[in-house]
Amino acid sequence: MTGTVVKGIGGFYFVHDGNETVMGKARGNLKRNKELIYVGDIVDFDIDENDKDGECVINRVIERRNFLTRPPVSNLDMLAVVFSLKQPEVNYPVIDKLIAGCEFSGIEPVICISKTDLASEEEVSTALDLYREIYPAVCINGISGEGCDKLSDIIRGKRVALAGPSGVGKSTITNLLHHADEVYEVRAETGNISEKTGRGRHTTRHVEIFPLNDGTMLYDTPGFTSLDMPQLDVKQVRDLFPEFRKYQAECRYADCMHLNEPDCAVKDALASGLISRSRYGSYIIMTEEVKKWQR
Ligand SMILES: Nc1nc2c(ncn2[C@@H]2O[C@H](COP(=O)(O)OP(=O)(O)OP(=O)(O)O)[C@@H](O)[C@H]2O)c(=O)[nH]1
Ligand SMILES: [Mg+2]
Ligand SMILES: [Zn+2]
């Protein structure tokens, strides 16, 4: 049989076959080869009711379509990049790195601006304007649930992970999205942000997939505070910014990096406000980060 690994804790895996979830372990050869099993992996497994280690045993991992290491997940169609403007305050370079990681892995990003009740309408629309022409983007109020319908429409039937800093409301959104799905009793725990650590009290520690009734596989993931860039060269970094592409042809140099070259159409677009300072600023930070390794 095949199923999706929806959770893994201490060597035990929970495998969902489309109807139900069974728990078990990996076969010895997988363990010996130190093969990693990611949440999101599609695995071949056998049911073994009499096994002391659970109801199933995983034979092998079917080749992954894609994977991310932070958060550690595989086989995604989409990644919802979740961030709030306040509590915690947004750090755009971190958000843009996560988006760039999606571009690099061939996963479609959807932008979710969360906790909209904590920011002014103007602040929310300014943030939305940074992304809405580049990616699908939604605003979500986790208290009223406003915006969840729009997100549901975008992700329906897909494998989608909620990723972003700790405390932005990923588990809250997870709960809202399967509120109607009473079949599943498991709920992602959410918690208040502790004043001391700035992390949620019920901060998510493991990736877990919540299969929704409409076929969506929703991955809740632990938050993070920073991200490392994948080992790329500067040209690859440039190509992770889709909004640069339509100007590239008008740059004087075909291989323009849009940094210090003369007659750069991207810098012209930046000057006239067609490319945002925030996104361009993130680009500069990322190019500097990858240049460090090349020295
Ligand atoms: N005011 C406000 N609070 C919210 C909203 N969404 C979530 N919260 C609260 O913010 C805190 C953190 O929410 P979580 O859903 O646990 O955040 P998370 O992104 O899952 O955090 P990690 O698991 O640590 O990555 C909880 O106290 C939630 O009740 C919202 O839209 N508005
Ligand atoms: Mg959480
Ligand atoms: Zn240029």
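Q: Let's start with α5: is that helix mostly covered or mostly open?
A: Mostly covered: seven of its eight residues are buried. Keep in mind that this is a predicted model.

Q: Which residues of α5 are buried?
A: K170, S171, T172, I173, T174, L176 and L177.

Q: And what covers them in α5?
A: The cover includes the strands β8, β9, β11, β12 and β13, along with helix α4, which spans 148-155.

Q: Those strands, what sheet are they in, and in what order?
A: They belong to an open sheet of six strands, ordered β10-β9-β8-β11-β13-β12, and the pairing is mixed. The edges are β10 (137-139) and β12 (208-211), each of which pairs on one side only. From one strand to the next, the twist averages 25°.

Q: How does α5 sit on that sheet?
A: Helix α5 (residues 170-177) packs on it and touches β8, β9, β11, β12 and β13. The direction of α5 makes about 155° with that of β13.

Q: Can you zoom in on β8 and β9: parallel or antiparallel?
A: Parallel, over seven bridges, with β8 at residues 78-84 and β9 at residues 108-114. For one residue pair to look at, V82 has C112 in β9 as its bridge partner.

Q: Changing topic, what do β1 to β5 form?
A: A barrel: the five strands close in the order β1-β2-β3-β5-β4, again with mixed pairing. The twist there averages 55° from one strand to the next.

Q: Which sense do β2 and β3 pair in?
A: Antiparallel, over four bridges, between residues 12-16 of β2 and 21-26 of β3. You'll find H16 opposite T21 of β3.

Q: Now the helices α2 and α9: what's the packing angle?
A: About 75°, with the axes 9 Å apart. The two helices are therefore roughly perpendicular to each other, since angles of 65 to 115 degrees count that way.

Q: Which residues make that contact?
A: On α2 they are Y92, P93, D96, K97 and A100, and on α9 they are S278, R279, S282, I285 and M286. By class, the contact has five nonpolar, two polar and three charged residues.

Q: Last one: what are the domains, and what's the distance between the centres of domain 1 and domain 3?
A: The domain assignment gives domain 1 as 2-64, domain 2 as 68-220 and domain 3 as 234-294. Taken over C-alpha atoms, the centres of domain 1 and domain 3 are 44 Å apart.

Key. Residues numbered from 1 in each chain as written. Chains lettered and ligands numbered in written order. Predicted model: local features only at pLDDT ≥ 70, side-chain atom pairs only at ≥ 80, totals over all residues. Domains from an automatic or database assignment. Pairing = 2+ DSSP bridges. Axes fitted to C-alpha atoms, helices over the stretch in contact; angles between N-to-C directions. Contact = placed C-beta atoms within 7 Å. Buried ≥ 20, exposed ≤ 12 C-beta atoms within 10 Å, placed from the backbone. Parallel < 35°, antiparallel > 145°, perpendicular 65-115°, else oblique. Nonpolar A, V, L, I, M, F, W, Y, C, P; charged D, E, K, R; others polar.
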